[in-house]
Amino acid sequence: MTPLLSFGRLHKRHGAHTLFDLREFALESASAYVLTGVNGAGKSTLLRILAGLVHADVEDVRFDGAPLPFRPYPRALRDAIVYVHQHPVMFSTSVPANVAYGLTARGAPRALIRERVEEAMAWARVTHLAGSDPAMLSGGEKQRVALARARVLRPRVLLLDEPTSNLDGEAREQVIALIPTLTGAGTTVVMACHDRDLINLPDVRRLKLRDGHIEYR
């Protein structure tokens, strides 16, 4: 099977120090991965490189089997990959406007925006928050709104940086429950995390960053 996204080499330095040097790194379509490793191993940096937010030295990048340049970051990947920060920012507009942000920025038709926002908010179980002040949402509510904001874009690859690290109880369980529905819909999900419940989800593959290399488990 041809990987969805692959790199012949992905090399990142901080000054004279090599953070990681990955060879033949690939992500399969409609698959879930957890990216683990000690603090400072480069988990968040790797996600940001994949999202085009951080520069790295790369070779032989392929998306859907076709070769792509990686600098400047190509439109094909910009349209296909969405990154959700550990502490998602809520704009001071409304919850539906936050969910619609990416589609609005892309100039999508209003009818399409309305349809996808309603579907994504129902999926993330935040429909009841439509009239709430985004600044007053709890951590779990913000995380689910951020996931809805990502879902409306129908990403091929969704990058989640510690999606449950600031959550507990029901809020954490609600976010964990959304992950299998994403891969079931065809999205590849990569989660940088230490959460054992995410790591132990069925069919999740483990990628461990250790000493600058990836260990597949």
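The end C-alpha atoms of residues 5-217 lie 19 Å apart, and this span is 34% helix and 29% strand. Helices (H or I, at least four residues) and strands (E, at least two) are DSSP runs, numbered from the N terminus. UniProt, in an unreviewed entry, places the feature "domain: ABC transporter" at residues 5-217; such annotations may be inferred rather than shown by experiment.

This is a predicted model: local features need pLDDT of at least 70, side-chain atom pairs count only at pLDDT 80 or more, and totals for chains, interfaces and linings use all residues. Residues are numbered from 1 along each chain as its sequence is written, and side-chain values use heavy atoms, with hydrogens and water left out.

Buried means under 20% relative accessible area, exposed over 50%, and partly exposed in between (1.4 Å probe, protein chains only).

| Residue | Relative accessible area | Class |
|---|---|---|
| D161 | 2% | buried |
| W123 | 13% | buried |
| Y101 | 45% | partly exposed |

**D161 and its surroundings**

D161 is found in strand β7 (residues 157-161). Its side chain makes a polar contact with the side chain of S44, at 2.8 Å. A polar contact is a pair of N or O atoms within 3.5 Å; within protein, one must be able to donate a hydrogen and the other to accept it, and residues adjacent in sequence count only if both atoms are side-chain atoms. Residues up to four places away in sequence aside, D161 touches S44, L47, R48, Y83, V84, H85, Q86 and A192. Contact means heavy atoms within 4.5 Å.

**Helices α4 and α6**

Helix α6 covers residues 169-184, and its buried residues are Q174, V175, I176, L178, I179, L182 and T183. Their cover includes β3 (32-36), α4 (110-123), α5 (139-151), β7, β8 (188-192) and α7 (196-199). Just after α6, G186 takes a positive phi of about 105°.

W123 sits in helix α4. Beyond its neighbours within four places in sequence, W123 is in contact with L147, A148, R151, L178, T181 and L182. The C-alpha atoms of W123 and R144 are separated by 9.3 Å, with the two residues 21 apart along the chain.

**A surface patch**

Y101 belongs to helix α3 (residues 95-105). With V89 and F91, Y101 forms a nonpolar surface patch of about 290 Å² accessible area together. Patch residues have over 30% relative accessible area and no salt bridge; like charges are joined within 9 Å, nonpolar side chains (Val, Leu, Ile, Met, Phe, Trp, Tyr) within 5 Å. A salt bridge is a side-chain nitrogen of Lys or Arg within 4 Å of a carboxyl oxygen of Asp or Glu. Accessible areas come from the Shrake-Rupley method with a 1.4 Å probe; for residues, only the protein chains shown count as cover.
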